[in-house]
Amino acid sequence: MSKKVTIRDIARLAGVSVTTVSQILNGKGERFSKKTQDKIFKLRDEYGYVPDFNARSLILRRSSSMIGVLVPNISSPFFGTFVEGVQQVAQHERMIPLIFSANRNAELEQNYLSQMLERSIDGLIIASATMTTDTIDKIIGARDVPYILFDQNYAQEGTRVLTDDYHGGELAAQHLADLGHRKIALLEPRELSENFTQRLTGFKDRLAKNNIKLDMAHDVVRTPLSRQGGYDAAEAVIQTGATAAFAGNDDMAIGLMRGLSERGIKVPDQVSVIGYDNIYLDEYVSPQLTTISQPITDLGIGAAKMLLNKIHSDQTQEQIQRFPVELIQRQSTARLHEA
């Protein structure tokens, strides 16, 4: 048979009813002879029969044991590591995670969310820069599907996991100030989500406390949130005359370091660079990247555990789980040596 073998095919080949096949394959075939059971198992193996998961769930009247995970960009090392944390919990709990990456496209995000709901999932983990809780609730409608917000949804209501982005920005600014830098450039994403707004505000506020002026028209370089965006911003950073630069995330920082290097600017001898996130690539670039670390895997684990708690309980009260941030100093930042 070239097409997918169904339970009806197995029943026809064995000369028994569909009910008989179903009961034997589901471990409830004690009342049938060993000969009949052996025939069914042999046909299953011979034709590679795999039960239809959705149909089986309907027959058994139980949940599909699936959770949906919607992220802006699965190719991002940050979100890839976050999903790994979710998968750890899902695997332990024998749940299937459906991962959707919407490439920061609002229409695609809403389409994927609708598709996940059509698959009778048990819960959702949503990292979206575009969808508000009102939008999410409207799409979910009357379905009683619990969800957890993550990362982009900092200021929204609802159960969520987050880190103290404002404090992370403060740590980055204080680190550069402690190294003696007074002329500092800031790489800012062109489209600011709330979590980026928090970390950049913390950065600017701490610079001000150190009496370091940031010229918003000259020292802030707006660029796409990517390694390419950081790379393309290199010339603009050089033009600021800065001795140090803070990038909104590590991808931008890594791109910036390459762009500076290709223009003959040595990091950190001429320009110190600090990023944000602590993705795995930070230790594999040269020089290794100084950054503000978020416990990315733990964020994924925390989000998945919170979601499972919501699935298995009737609790409707909103919960927030906060995770710490810390400075990880490596080789891309150094003390400023005055000429």
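How many bridges join strand S9 to strand S10, and do the two run parallel or antiparallel? In this predicted model, 4 bridges hold S9 (residues 272-277) and S10 (residues 290-293) together, and the strands run parallel.

Zooming out, S9 and S10 belong to an open sheet of 6 strands, laid out as S7-S6-S8-S9-S10-S12 with mixed pairing. Strands S7 (220-223) and S12 (326-328) sit at the edges with a single partner strand each, so one side of each has no neighbour in the sheet. On average, neighbouring strands are turned by 20° against each other, direction ignored. Helix H9 (residues 194-209) packs on this sheet, where it touches S6, S8 and S9. The direction of H9 makes about 165° with that of S6.

Then there are the salt bridges, 12 in the structure. One of them pairs Lys183 with Asp219 at 2.9 Å, N to O. Lys183 is in the loop between helix H8 and S6, and Asp219 in the loop between H9 and S7, so this pair ties together parts 36 residues apart in sequence. Lys183 is partly exposed at 31% relative accessible area, while Asp219 is buried at 2%.

Another salt bridge brings together Glu188 and Arg222 (3.1 Å, N to O). Glu188 counts as buried at 5% relative accessibility, whereas Arg222 is partly exposed at 44%. Through shared partners, salt bridges join Glu188, Lys204 and Arg222 into one network.

Definitions and conventions: Residues are numbered from 1 along each chain as its sequence is written. This is a predicted model: local features need pLDDT of at least 70, side-chain atom pairs count only at pLDDT 80 or more; totals for chains, interfaces and linings use all residues. Side-chain values use heavy atoms; hydrogens and water are left out. Two strands pair if DSSP finds at least two bridges between them. Axes are lines fitted to C-alpha atoms, for helices over the stretch in contact, and angles run from 0 to 180 degrees between N-to-C directions. Contact means heavy atoms within 4.5 Å. A salt bridge is a side-chain nitrogen of Lys or Arg within 4 Å of a carboxyl oxygen of Asp or Glu. Buried means under 20% relative accessible area, exposed over 50%, partly exposed in between (1.4 Å probe, protein chains only).
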